[in-house]
Amino acid sequence: MKVLFLTLVLGLVCSSQEIPAEPHHSQISGEWRTHYIASSNTDKTGENGPFNVYLRSIKFNDKGDSLVFHFFVKNNGECTESSVSGRRIANNVYVAEYAGANEFHFILVSDDGLIVNTENVDDEGNRTRLIGLLGKEDEVDDHDLERFLEEVRKLGIPEENIVDFTKGDGCQAQ
């Protein structure tokens, strides 16, 4: 009986490790900038793609169960301001409607680095895995970048599918 109980406990512990522990929403709420985005479908993150986004902030409500992303999308060379609201559906699992249905979670890698891991299902039913490295500073910390690359590899996304936003986004003045 003890062996059965121990097996059950170990199974629960292992299964719960797929989604990282939820950082407190106060650690995430604030100003952020897009540094890198990797995608299993480069049409989504390439020029004029819906996820070629220049993030400005993530704001949570006081309870931490809903949030708003504020960002710019560059389409045909023009920056357009946008925002998307999301809500928490489980521990560190959020959903939002933008270019389809999105489910995502956060990995806080440092005080100035945040990874957002997203699965998008567009209106045609196509699934795309996206992972973004966000920062509070213009400079990218080497540790944060290495952790991002580790997550990209875990998802099986080729490194050539990474879009670099650190060289200036063309939407700085907005």
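Predicted model: local features only at pLDDT ≥ 70, side-chain atom pairs only at ≥ 80, totals over all residues.
Modeller: Residues are numbered from 1 along each chain as its sequence is written, and side-chain values use heavy atoms, with hydrogens and water left out.

Biologist: Which are the edge strands of the open sheet of 10 strands?

Modeller: Strands here are DSSP runs of E with at least two residues, helices are runs of H or I with at least four, and both are numbered from the N terminus; two strands pair if DSSP finds at least two bridges between them. The sheet has antiparallel pairing and the order β1-β3-β4-β5-β6-β7-β8-β9-β2-β10. Pairing on one side only marks the edge strands, β1 (30-31) and β10 (162-164).

Biologist: What is the bridge partner of alanine 96 in β7?

Modeller: Strand β6 (residues 93-97) and strand β7 (residues 101-110) run antiparallel and are joined by 4 bridges. In β7, alanine 96 is partnered by asparagine 102.

Biologist: How far apart are the closest N and O atoms of arginine 147 and glutamate 151?

Modeller: A salt bridge requires a side-chain nitrogen of Lys or Arg within 4 Å of a carboxyl oxygen of Asp or Glu. The two residues are 4 apart in helix α4, which means that about one helical turn separates arginine 147 from glutamate 151. In their salt bridge, the closest N and O atoms are 3.3 Å apart.

Biologist: Is glutamate 151 buried or exposed?

Modeller: Buried means under 20% relative accessible area, exposed over 50%, and partly exposed in between, with a 1.4 Å probe and protein chains only. Glutamate 151 also forms a salt bridge with lysine 154, at 3.2 Å between the closest N and O atoms, and lysine 154 is exposed with a relative accessible area of 58%. Because its own relative accessibility is 6%, glutamate 151 counts as buried.

Biologist: Which residues do salt bridges that share partners join into one network?

Modeller: The whole structure holds 9 salt bridges, including one of 3.1 Å, N to O, between the side chains of arginine 153 and glutamate 159. The network joined through shared partners consists of Arg147, Glu150, Glu151 and Lys154.

Biologist: Where is aspartate 141 found?

Modeller: With 41% relative accessibility, aspartate 141 counts as partly exposed. Aspartate 141 lies between β9 (127-135) and α4 (142-154), in the loop.
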